[in-house]
Amino acid sequence: MSPGISKDDADIQAIVRDVTARINEQLPSLIRELFEGRFDGDSGPLQLECSIASANTRGTSPRRIRIAALGIDNARLLSSRPDRSQQTGEYALTQVAAHRNLRLRSLPTSSVSTEVDDTRPSKRRKDTGGLRISSAAHSDGTNSSGTGVARRLGSDLRVFPQRKKRASENPVLQPSTLEKFISGIWESIYSGVKLDPSEVIGQWQAIESSGAPRLLLTTDQEIASQDDTAAKGNFGRINVLARKISQTSRTCRSLEVIVQAYWVKCFDERVLELTETMSREKAKKATIAEACVDFRWSEKELRNKMGVWRGYYEIKAAGGWAALVFAGMGLYRFCKYRVSFTDDLFQTLRLLRHRIEVASDTLHPRWRQLLAIVGEPTDPKYVGHPHDWVVNGPQNEAIPLADTYRQWDENFSFTHLDESNIDEDAWGLFDPRLDRPAPPTAVRDLIDSQDIYTCSVCSAVQSDNARVNECTCYPALYGSVRALAPAPVQIYRTPTGKNNGLIACLQFERGSAIGEFIGLITSGLSGLDVMVGQTQRATYQIWQGRAGNHTRFVNHSCAPNAQFERFTWKGVQRVVLVSKGIEAGEEITVDYTDSYWKNLDKECLCGQPKCRYRDRNPQQLPELASLTE
Ligand SMILES: C[S@@+](CC[C@H](N)C(=O)[O-])C[C@H]1O[C@@H](n2cnc3c(N)ncnc32)[C@H](O)[C@@H]1O
């Protein structure tokens, strides 16, 4: 949500954007039908009307509010109907307003009425964990002159998540074609798809000279030793083969669109070459004729294909090769019907270009090898961990993470962790997150081997083995195959002076996990930002200053869209960052709570209309603190 805009206003704006996008999509084809004569002069006067009607009428006639109506002079329409042979098939009537933050779905205001009012100072804000800082330089390098009294960013005790209302009570506008297209790119980047030319070669080599696929002939022992399948026998073998073939087919499809987009560039160059000796129109015709001979296609066939391929070329020109290669399954239809080929599409792709490249280069380090097929450079532009890069830097380029902290710490470095590390100096071999006394080793081995942990929330069995696990509280983090997948988030340069923040590439449903708060499990730190955790046996700190994961970069907002939750996985307490409903393109924020801000003379830059810590008078700070103790 933009600073200074209330939630109601933001919802209204989102609905307006979505409705506009839908009208933009559908109106051209309706107008085209008018031009094509499906409505003739005998249909009487035509009127284009826009109204809102209640869906749930319980047997009564629907309530309808007319918003606007436009009379269409069909005499003029008929006379202005162009010769069908001259129609280009492209009618972009209006453009959707450019928006940096794509919203895949916008909920009407009523649908968010179950939200807790986060702006009330309330005892409910008491928390279990805390991010504490003191007067010393912050771990993130950002400056503050705190008093050294602990401030904490809390994992919340509020009952959460509340279930979404049923669809019928909670009408949700469908995402526009453009939004679906963009989310298709992110989905394939963050999916298990592996784009690698060696996959294609591998499949051909895996066919025996007899013609039988080698994989189906492998023995059970061989296939089990490859550690590639959960199932035994033929089912396991066909699972692996089917997965590899999907992978191969996806790679081939990427090669195909690369070549077709490149073909358009070569076509244009050939036309230019011929215009030296003939008119442009003739040059184009001659080039098409040459291509028809080589393709062995009729001119009509070639022209149809060319329209689609030009779409690929335009997407590549605005969003780069990665945007084209990772476009989802809808790419062909998207380019064939061109309903969203507006300035908005190209502006959005230009803005996202480096973000898409950071994610694809770091998560799929070999994807650029595919470009070798047309002789384009194959070296990755962005190397390392996806979160070694901060997106939306100057000119929308990405900048190395360390550079964004240099002004505070010359030698800043950050290690990306998948799991928290225990600080042995503080805790020895003991994990203070164990939520009850550790059982004797023999019993622990039995628990581990039998997977008899049960979830304290849903009472289901918890196991790291996806076949045994029944707990689905946070499938993105624990107990499922997807638990290993990276979260679709990026570290980005905030435009409001908060240094870095975390941005969502895809929507996070309310109640879904964005990541575990991972760092060094320690104790006794002061002068640094830490999360405080507590079990029946110990109070510990999680410090993320120099090692951790993406949750390290979540900023505070007085109207947050996420919160920290305590959760126990296999007997070990975790702190999980949970969505309260986040749209693609939104900054992910939590409420650090009053205990964090109380003695901090820093201003909150969250920009929310009901911001609690803006324009603070340092003299009043103790008062503010006592309010919330
Ligand atoms: C956990 S870090 C968050 C990431 C941080 N922005 C960075 O660039 O590393 C917490 C620090 O971010 C800054 N911060 C977070 N939310 C803020 C807000 N709403 N207003 C001002 N500063 C904020 C403060 O400097 C705070 O100490």
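## Confidence, a sheet and a bent helix

Over residues 39-43, pLDDT stays under 50, and the model has five contacts beyond four places in sequence for them. Here pLDDT is the predictor's confidence in each residue, from 0 to 100. Two residues are in contact if their C-beta atoms, placed from the backbone, lie within 7 Å. Another such stretch is listed beside it.

| Residues | pLDDT | Contacts beyond four places in sequence |
|---|---|---|
| 39-43 | under 50 | five contacts |
| 621-629 | under 50 | 13 contacts |

Where pLDDT is low, the predicted coordinates should not be read in detail. This is a predicted model: local features need pLDDT of at least 70, side-chain atom pairs count only at pLDDT 80 or more, and totals for chains, interfaces and linings use all residues. Residues are numbered from 1 along each chain as its sequence is written. The protein has a mean pLDDT of 78, with 71% of its residues at 70 or more. For the complex, the predictor gives an ipTM of 1.00 and a pTM of 0.74.

Four strands form an open sheet with mixed pairing, in the order β7-β13-β15-β14. β7 (421-422) and β14 (530-534) are at the edges with a single partner strand each, so one side of each has no neighbour in the sheet. Strands (E, at least two residues) and helices (H or I, at least four) are DSSP runs, numbered from the N terminus. Strands pair if DSSP finds at least two bridges between them. β14 pairs with β15 (residues 539-543) in the antiparallel sense, over five bridges. Met531 stands opposite Ile542 in β15.

Helix α11 (residues 343-363) bends by about 50 degrees at Leu352 (the angle between axes fitted to the seven residues ending there and the seven starting there).
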